[in-house]
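This report concerns side-chain surroundings and aromatic pairing in one protein model. Please consult the sequence and structure below while reading.

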Amino acid sequence: MKKDDCFYLGRIIKKYSFKGEVLVKLDTDQPEIYEHLDAIFVDLRNNLIPFFIEHSQLHKSELLRIKFEDVDNEADAEAILKSDLYLPLNLLPKLEGNKFYYHEVIGFTVKDKNYGDVGIITSINDSTAQALFEIQNKGKEVLIPMNDEFILNVDRETRTILVETPEGLINLYL
């Protein structure tokens, strides 16, 4: 399994018991849907290794307590500490309406209600305070904030996102 075929679920942040249990900080708004997994991919030295889960349960809302098969003591748990966890993309819950996953909209065309065709989304920049669509238009980069008020429609069939940006924003780039 390659990382490109998976999504980041969270990170093992600490050991929980002397029996090898660990606590995972989940990167999700819905931790409960990941409470009863059978297996998960653990990133060990840039290789995704499948680990089977004996049992798991939510721990203090955003943490998941996991007991992996063959991780039976503190030393075993220490070996996987601070590892990232991944699941196959097909396990992501389907989103509808104007909600989307960042990876899902790469390659979508962006159209502005007033300006017209803006370009193709090449990536999402989420390292800023406001996540941004990074859009290519004839060799020029256009950045549009991913603000719910700007996004009018996400059409998965035509792979198009309709936005209405403040007047002049797109002209700054083109």
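Predicted model: local features only at pLDDT ≥ 70, side-chain atom pairs only at ≥ 80, totals over all residues.

Arg65 is located in strand E5, which spans residues 63–68. Its relative accessibility is 16%, so Arg65 counts as buried, the cut-off for that class being under 20%. The side chain of Arg65 forms a polar contact of 3.2 Å with that of Tyr16 and another, of 3.3 Å, with that of Glu21. When neighbours within four places in sequence are left aside, the residues in contact with Arg65 are Tyr16, Glu21, Val22, Leu23, His55, Ser56, Gln57 and His59.

**Aromatic pairs**

| Pair | Distance between ring centres | Angle between planes | Class |
|---|---|---|---|
| Tyr8 and Tyr86 | 5.8 Å | 70° | edge-to-face |
| Phe51 and Phe68 | 5.3 Å | 70° | edge-to-face |

Tyr8 belongs to strand E1 (residues 6–15) and Tyr86 to strand E6 (residues 84–88), so their pair ties together parts that are 78 residues apart in sequence. With a relative accessibility of 33%, Tyr8 counts as partly exposed, whereas Tyr86, at 10%, counts as buried.

The rings of Phe51 and Phe68 are likewise paired edge-to-face. Because Phe51 lies in strand E4 (residues 47–59) and Phe68 in strand E5, this pair ties together parts that are 17 residues apart in sequence. Both Phe51 and Phe68 are buried. Strand E5 thus holds Phe68 as well as Arg65.

Note on methods. Residues numbered from 1 in each chain as written. Heavy atoms only, no water. Helix = DSSP H or I, 4+ residues; strand = E, 2+ residues; numbered from the N terminus. Buried < 20%, exposed > 50% of the residue type's maximum accessible area, 1.4 Å probe, protein only. Polar contact = N/O pair within 3.5 Å; in protein donor to acceptor, adjacent residues only side chain to side chain. Contact = heavy atoms within 4.5 Å. Phe/Tyr/Trp six-rings, centres within 6.5 Å; stacked < 30°, edge-to-face > 60°.
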